[in-house]
Amino acid sequence: MELFLCNRKQKNFNCRIPTAAILQIIMEHLPLIPNLENHPTPYYMYDMGLLEKTLKQAAEASGRYGYHMHYAMKANHQKEILTAVNQHGLGVDCVSGYEVQAALDLGFDPSEIVFAGVGKTDAEIRLALQNDIFCFNCESVEELQVISAIAEMEKMTARVALRVNPGVDAGTHHHITTGLTENKFGIQLPHLQKALQICAENIHLHFMGLHFHIGSQITSNEPFINLVHRVNWIWDHYNINDYGPCMLNLGGGLGVDYENPLLNPMPDFAAFFAMISSNLNIPDHISIHFEPGRSLVAQCGSLITRVLYVKEGLHKQFIIADAGMTEIMRPALYGARHRIDNLSRSTGQVKTYDVVGPACESSDVFASDLRLSSTHRGDLLAIRSCGAYVQSMTLNYNLRPAAEPVFYYPSFNRLKSLFEGIPEPFMQKAV
Ligand code: LLP
C-alpha cells in the first residue's frame, strides 16, 4: 500500500506525484511545469489564459454599447485575478470596506469602485468616502441618512445610487435570488419616493441613479428581459429624470455552464449585452453599468483534489477526497453540482460513485451517483468551474488550513504559486 500525506504544509510529505500526462489534462495543452508536480493537494488551479480571453470578450462586447463593468470581487478576490481585471479596464464592485481597501491597494482607480451591501459600517462608509469612490449603492433609507451624516462630518458629498428591489424573479436557487419582494436586499418600491426625496433635499448626497441586482447564476434571457422592462417602467413611473441621474447599474447575475464547462468556457457576452440594449429604454446620456462576477471568473478555476479512500458502502461506493466543503462550500450550501473529472484515469471501466469530502458534516457531498472512470486511492480529481464563489468562500472548519492557489500564465509559460514562498522544509517532496 502506497502512503501519501497530501495535506498542505505538513512536514515530510510522501506524496505520489502527478504524471506528465495528468498535468497535461489539468490545464489542457500546457507544457510540463516542473513545480506543479510537487504541489500538495488540494489546491486551486487558475488558467489565466482563459481568464484573459473571458475578460477580453466581455470588455469588447460591453464596449460596443459604451457599457461599464465593475467586477464583483466577492466572486474571487485573489490578487492575480484582480490584477487581470484591472488590466482589462474594468472597475470593481465591493461589498465590504476590506474589499474597497484591497481594490485601492491593487491600484484600481477610485472612480471605478462601487460599494454595495446591506450592512455597511460607519468605518467602511468613511473609508470609501475619504477615498472618493465612484458610488455607494444604498440599500435602505436609514443607510442614506447615515451616509449623509458621515459625509457632513467629513465635509464631503457622497455619490449614491439607490438599489431598488424590482420584484423580478431570477428563476434561480432561492439562496442566490435577490430581486423578489420582501428580501433583505434593496429598497422596496413603496419606499423609493421617500429615498429620492432624501437625496434631492440633502446637500451631502449626490444622486447618481438606480441600481438593481436580481440574483445570480441566471441562465435564461427571460429574467433579464423582465428586469429591463421593469427598470423602464420604474424610471418612467417615478420620474427619475427629474432627480438629475447620470447612471443606471443593472448588477450581475449572468450564469455559466456548470455541466459542460470545458465545452462552454464562457457565456455569450455579445448576446447578453445586445439583449439588454434592445430592451432598455432610458435617456441616452445615462451611463449603463454592470457588476458581473461569476460569468468572468467561474470557468478559469479548478479545484484539484486527491482521492484518499474508495469506500464500499452497502449500496454505494464513496470516493473520499482530500478537499471538502471547507475548500468548496457551494454543494453543501446550495446543493450546487460541479463537473468532476478523474485526471488520473480518463479511460477504462466506468462506475457509479458518491464523491464526498472529509469534513464532519453529512452535507459534505460533491456528487451523488456520479459516473466516473474506475477510481482508486491516489487518483487526482479536478472539480471544475471553481473560479467563482469557491476560494472566496472557504472555511477553516476542522482547523483545516487554506488551500493554495496556483496561477498558470500560458503566454509566459509561467506558473505562479504561493507555494514559491514556502520555506524548503515545508515543501512537499516528490519521491
Ligand atoms: N452585484 C450584486 C449586488 C451582487 O449581490 C452580486 C452577487 C453580484 C453583483 C455578482 O453576481 P454574479 O454576476 O456573480 O452572479 N455564493 C453564491 C453567489 C452569491 C452571489 C451574491 N451576489 C454562489 O456560489 O452561487
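**View 1. Strand 3, helix 5 (residues 97–105) and strand 4 form a right-handed β-α-β unit.** Right-handed means that, with the strands pointing away from the viewer, the path from the first strand over the helix to the second runs clockwise. Helices (H or I, at least four residues) and strands (E, at least two) are DSSP runs, numbered from the N terminus. The model is predicted: local features need pLDDT of at least 70, side-chain atom pairs count only at pLDDT 80 or more, and totals for chains, interfaces and linings use all residues. Residue numbers start from 1 along each chain as its sequence is written. Strand 3 and strand 4 (residues 113–115) pair in parallel over 3 bridges; pairing requires at least two DSSP bridges between the strands. Asp93 has Val114 of strand 4 as its bridge partner.

**View 2. Strand 2, helix 4 (residues 79–87) and strand 3 make a right-handed β-α-β unit.** Strand 2 (residues 68–72) runs parallel to strand 3, joined by 3 bridges. Tyr71 is bridged to Val92 in strand 3.

**View 3. Strand 3 (residues 91–94) has buried residues pointing both ways.** Gly91 and Asp93 point one way, Val92 and Cys94 the other. In a regular strand, side chains alternate between the two faces of the sheet. A residue is buried if 20 or more other C-beta atoms lie within 10 Å of its own, exposed if 12 or fewer, and partly exposed in between; C-beta atoms are placed from the backbone.

**View 4. Helix 10 (residues 269–279) buries Phe269, Phe272, Phe273 and Ile276.** These residues lie on the same side of helix 10 because they cover an arc of only 90 degrees around the axis. The arc is taken from the directions from the helix axis to the C-beta atoms. Ala271 and Ser278, on the other side, are exposed. The cover over the buried residues includes helix 3 (48–63) and helix 9 (221–237).

**View 5. His229 sits in helix 9.** His229 counts as partly exposed because it has 15 C-beta neighbours inside 10 Å. Its C-alpha atom is 8.2 Å from that of Asn281, 52 residues apart along the chain.

**View 6. The largest nonpolar core has 108 residues.** Such a core is a set of buried Ala, Val, Leu, Ile, Met, Phe, Trp, Tyr and Cys residues joined through C-beta atoms within 7 Å. Among the residues with the most contacts inside this core are Tyr46, Leu51 and Phe115. Leu51 touches Tyr46, Ile81, Ala84, Val297 and Cys300, not counting residues up to four places away in sequence. Contact means C-beta atoms, placed from the backbone, within 7 Å.

Terms used:
Contact = placed C-beta atoms within 7 Å.
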